[in-house]
Amino acid sequence: MRSLRSAEIYRNMGFWDEPTQQAILDTRVAIGGAGGAGYMVGLELARIGVQRFSVADPEEFDDVNSNRVMGVRHDTVGRNKAEVFRDDILAINEVANVRIYTEGITTRNLNAFMCDADLVVDATELSMPELGTMVCREARQLNIPVLNVEYVGHAGQGKSFGPGR
């Protein structure tokens with residue numbers, strides 16, 4: 001795993017202090033949905049130093065996603081979004097720890113998905129609000145903050161929910 005002295009991490013000094021960067025290095029982020037917003041937020045988190053991820057998405061990239069979703073390329077069409085996300089994270093940091101759930105988030109794997117998570121990024125399907133509700137309720141029970149991110153068309157939005165609030 002990378003450390004504070006890794007060249008690409010040390011360059012972050014000045015944006016934040018060493019304790020903050022160490023906390024970022026030690027964080028596990030659980031991302032539900034690796035299409036639009038989840039994919040983009042996850043890649044940025046990897047670039048600032050997050051190196052432990054759990055990511056769940058049951059869908060495959062499709063040609064129709066290519067106008068707005070960063071992970072779609074001719075070589076990823078037909079591939080599972082969580083697998084593509086993992087491969088792209090490992091291209092940034094080859095020693096990152098990325099657990100994937102290609103069946104998406106289900107009642108059967110919800111606990112494993114959130115195991116050891118310090119932050120949950122809810123980028124689940126807007127057309128399936130019950131999924132995001134299930135994720136947020138479990139996160140609240142586990143006292144894990146949730147960042148809800150949405151990507152519609154060519155715009156995005158995020159909302160933060162802290163435990164107990």
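**Strand β2 and its neighbours**

Strands β2 and β3 (residues 97–101) run parallel and are joined by five bridges; strands are DSSP E runs of at least two residues and helices H or I runs of at least four, numbered from the N terminus, and two strands pair if DSSP finds at least two bridges between them. The model is predicted, with local features needing pLDDT of at least 70 and side-chain atom pairs pLDDT 80 or more, whereas totals for chains, interfaces and linings use all residues. Residues are numbered from 1 along each chain as its sequence is written, and side-chain values use heavy atoms, without hydrogens and water.

Sheet
- S54 stands opposite R99 in β3.
- β2, helix α4 (residues 81–92) and β3 form a right-handed β-α-β unit (clockwise from the first strand over the helix to the second, with the strands pointing away from the viewer).
- β2 also pairs in parallel with β1 (residues 28–32), over five bridges, and I31 has V55 as its bridge partner in β2.
- From β1 the chain passes through α3 to β2 in a right-handed β-α-β crossover.
- Four of the five residues of β2 (residues 52–56) are buried (under 20% relative accessible area, 1.4 Å probe, protein chains only).

Largest pocket
- The volume of the largest pocket is about 480 Å³, the space filled by probe spheres set on its grid points, which are joined across faces, edges and corners.
- A pocket is an open set of points on a 1 Å grid over the protein atoms alone, where a 1.4 Å probe fits, with protein on both sides within 12 Å along at least five of seven lines.
- Its lining (residues with an atom within 4 Å of a point) comprises 29 residues, with D57, E59, A123, T124 and E125 nearest the centre.
- α3 (36–48) and β5 (146–152) are the elements giving two or more residues to this lining, and β5 gives the most, with four.

Key
Buried means under 20% relative accessible area, exposed over 50%, partly exposed in between (1.4 Å probe, protein chains only).
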